[in-house]
Number of protein chains: 2
Amino acid sequence: MRFNEVLDCLHTYEAGKPIESVVAQYGIAAKDVIKLASNENPNGVAPAVKERVAQALDKMNLYPDDSMSALKNALSRHFDVAFGQLIIGSGSDQIIELAVHAKCQKGDCVLMAGITFAMYEIYSKAVQATIVRTKSAEHDLTEFLELYRAHSPAIIFLCTPNNPLGECLLAEDVRAFLREIDSQTLVIIDGAYQEYAAFKDKNRALSPKDLVAEFPNVLYLGTFSKIYGLGGMRVGYGIAHAPIIAALHKLRPPFNVTTLSLLAAEEALAQQDFVQDCLRQCACEMVRYERFCEEKGIAFIRSFANFITLKLESKDSTELAQWLLQKGLIVRNLASYHLNAIRITIGTESQNTRLLGLLEEFWSL
Amino acid sequence: MRFNEVLDCLHTYEAGKPIESVVAQYGIAAKDVIKLASNENPNGVAPAVKERVAQALDKMNLYPDDSMSALKNALSRHFDVAFGQLIIGSGSDQIIELAVHAKCQKGDCVLMAGITFAMYEIYSKAVQATIVRTKSAEHDLTEFLELYRAHSPAIIFLCTPNNPLGECLLAEDVRAFLREIDSQTLVIIDGAYQEYAAFKDKNRALSPKDLVAEFPNVLYLGTFSKIYGLGGMRVGYGIAHAPIIAALHKLRPPFNVTTLSLLAAEEALAQQDFVQDCLRQCACEMVRYERFCEEKGIAFIRSFANFITLKLESKDSTELAQWLLQKGLIVRNLASYHLNAIRITIGTESQNTRLLGLLEEFWSL
């Protein structure tokens, strides 16, 4: 059967290995497998979230409330933005997808950092947009500005903190950049890891409310998949000027978030003490990796997220990732980004102890 | 901000009222509100499904297994089809969306019944396809064939049993129809309610395995939202010749089904005793509505699904729906389909008793 020509240019997305398949492959007991590859919250979710979902299991047969009022009202209070400035997606991924479909057509240009979240490219290719990347792997706003002027992109993606590298822009630099961009260009600011950045350095914290008030062309994205510990539940949100949100809602598939996910996210947002505990834990544990790298002379990117990227120079990232895998430890090999680097999600204290021990061993091989 | 022109033709989807808003509007206690409007399974889910999900609440932080092997393997066994003939979506809705995006471009024609599932039109409009409908509200395959020959559609939708009307095609008529269709036309057979039809009349039961083996251009859709009682969890599936499935996978957003939804669906599929109990219960209760209509001289469509559509002639559907709403009972008014009719989901025995009592009262007003 013939399909639309766009499919000829698309590849099927292959996700990372689930724990189960590692277990199966190497005969390692499930309890001994540690996955520090997907930037999940290693502390799980707040107990109140589990309780809330447990009490709602009788509602699995009921379609989700498609108005999503409860969660939107909670987000509206949390960010001090209007109800009409919010959209909820099946992960913030889905809002990226909607935005690309709303704004881009074949041949339109989409601008992004040299190395950044893979979904920007995946969704842009699905509408046959042309992808322009900065030469710098990390975000360099001077270079972004040059490319913006040269290519007039329909969309600019800023991922701050940037996944998979971890660097994070200063809030004042973001605002100065936005002032140079015309109002027809949609700037998507992906704040999936913003809570971690805000905890570490207030100067890098973005306020969705202020951004949206000043810039009618900004779409801010947040997620419940990271600090809120709901990676498996697929809930993200977009905050923007109401006309942008209204446009995205026209393309939103009805019932795009499950009944249990809506409740889990609403409860997770209320558990800010849990969030603070997780942020503190992550910051403490991050220091252990930084010290290890400094001791061993391993280059790393100072991270404002819940992961750290090690640049390997003397070792090979594929070899290291494979060696760790056989020992039941899954990290993200960045060879697919043409980097000899690995990205490690900051785990629990004991998970990090195990991984640091293995890294120690690998470096002494 | 300017968006793609397609957005000018799209309207934002407005879903039915959730129970909560009815309660708020009329001051009715939540326990007294009955929603028989969305064809949800009134018996909820099998206890084993709740147990399985309850045991997995510690996994909410983990991204779903994007290979979905466990559920795909279970479906593969259940339908005796190959792993590569299966795709899983966030509801079968999402598979409709993927198929439309894979196959249709602006100006392509999509053929469907006069009155059928609203999502076919919603997703077709999103790619600016031209929608052609039969004059008959219910499926008339002779008319479908004429329109197929006149318009060469890219996609033909058959919804059998048909939502929101309830009629169901004979399997042999479907096969005879398919033999007339060229192999480049994608025929999407939406079997969301097939389990109910198969229980009531074996001659209307479709075998996805046989369909796919004989017709390389058929995409069969099934769902966990109806008989399996997982409307809130958003899991549907598509079964087709492997090349169709491979094409759809290119457009599938990664992690499109939640971690808990995958487990719930896998367990629900294993609970066939629960399915049989629900089918029996639904068939018994359906008879009560049919008898009521016959006694009152109310026209209805003989239904092969879990709902019944009453054609109101002497009464006004909007008036009736509003009258029921004030008493805490939600049914589906089909006025938006330009029909003076209501669609009632078959509820539990006590829910049906309550609704039948109210209908009795309304007819004696």
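Modeller: Counted over all chains, the structure holds 38 salt bridges. This is a predicted model, in which local features need pLDDT of at least 70 and side-chain atom pairs count only at pLDDT 80 or more, whereas totals for chains, interfaces and linings use all residues. Residues are numbered from 1 along each chain as its sequence is written, chains are lettered from A and ligands numbered from 1 in the order in which they are written, and side-chain values use heavy atoms, with hydrogens and water left out.

Biologist: What makes the pair A:Arg149 and A:Glu180 a salt bridge?

Modeller: The term requires a side-chain nitrogen of Lys or Arg within 4 Å of a carboxyl oxygen of Asp or Glu. For A:Arg149 and A:Glu180 the N to O distance is 3.1 Å, so the pair meets the rule. A:Arg149 lies in helix H6 (residues 141–151) of chain A and A:Glu180 in the loop between helix H7 (171–179) and strand E6 (186–190), so the bridge ties together parts that are 31 residues apart in sequence. Helices (H or I, at least four residues) and strands (E, at least two) are DSSP runs, numbered from the N terminus.

Biologist: Why is A:Arg149 called exposed, and why is A:Glu180 called partly exposed?

Modeller: Buried means under 20% relative accessible area, exposed over 50%, and partly exposed in between, with a 1.4 Å probe and protein chains only. A:Arg149 has 53% relative accessibility and therefore counts as exposed, while A:Glu180, at 40%, falls in the intermediate class.

Biologist: What makes B:Asp66 and B:Arg252 buried?

Modeller: B:Asp66 has a relative accessible area of 8% and is therefore buried, and B:Arg252, with a relative accessible area of 8%, is buried as well. These two residues form a salt bridge whose closest N and O atoms are 2.8 Å apart. The bridge connects distant parts of chain B, since B:Asp66 sits in the loop between helix H2 (47–54) and helix H3 (69–79), and B:Arg252 in the loop between helix H10 (242–251) and helix H11 (259–270), 186 residues apart.

Biologist: Why is A:Asn256 classed as it is for accessibility, and which residues does A:Asn256 touch?

Modeller: A:Asn256 has a relative accessible area of 4%, and is therefore buried; A:Asn256 lies in the loop between helix H10 (242–251) and helix H11 (259–270) of chain A. Leaving out residues up to four places away in sequence, A:Asn256 touches A:Asp66, A:Met68, A:Ile88, A:Gly89, A:Ser90 and A:Gln94, where contact means heavy atoms within 4.5 Å. A polar atom of the side chain of A:Asn256 lies 3.1 Å from the backbone oxygen of A:Ile88.

Biologist: What makes A:Glu290 and A:Lys200 a salt bridge, with regard to distance?

Modeller: Their closest N and O atoms are 3.7 Å apart, so the pair falls within the cut-off. A:Lys200 and A:Glu290 also belong to a network of salt bridges together with A:Glu294 and A:Arg302.

Biologist: How many residues are in contact between domain 1 and domain 2 of chain A?

Modeller: In chain A, 33 residues of domain 1 are in contact with 36 residues of domain 2. The domain assignment gives domain 1 (5–45 + 273–363) and domain 2 (47–271), and such bounds come from an automatic or database domain assignment. The two domains bury about 2,900 Å² between them, 66% of it on carbon and sulfur atoms; buried area is the accessible area (1.4 Å probe) that two parts lose on being put together, summed over both.

Biologist: How many residues take part in the contact between the chains, and what is the buried area?

Modeller: The contact takes 71 residues from chain A and 70 residues from chain B. Chain A and chain B bury about 6,000 Å² between them, 60% of it on carbon and sulfur atoms. On the side of chain A, A:Met1, A:Met60 and A:Tyr63 lose the most area to chain B, together 13% of what that side buries.

Technical notes. Polar contact = N/O pair within 3.5 Å; in protein donor to acceptor, adjacent residues only side chain to side chain.
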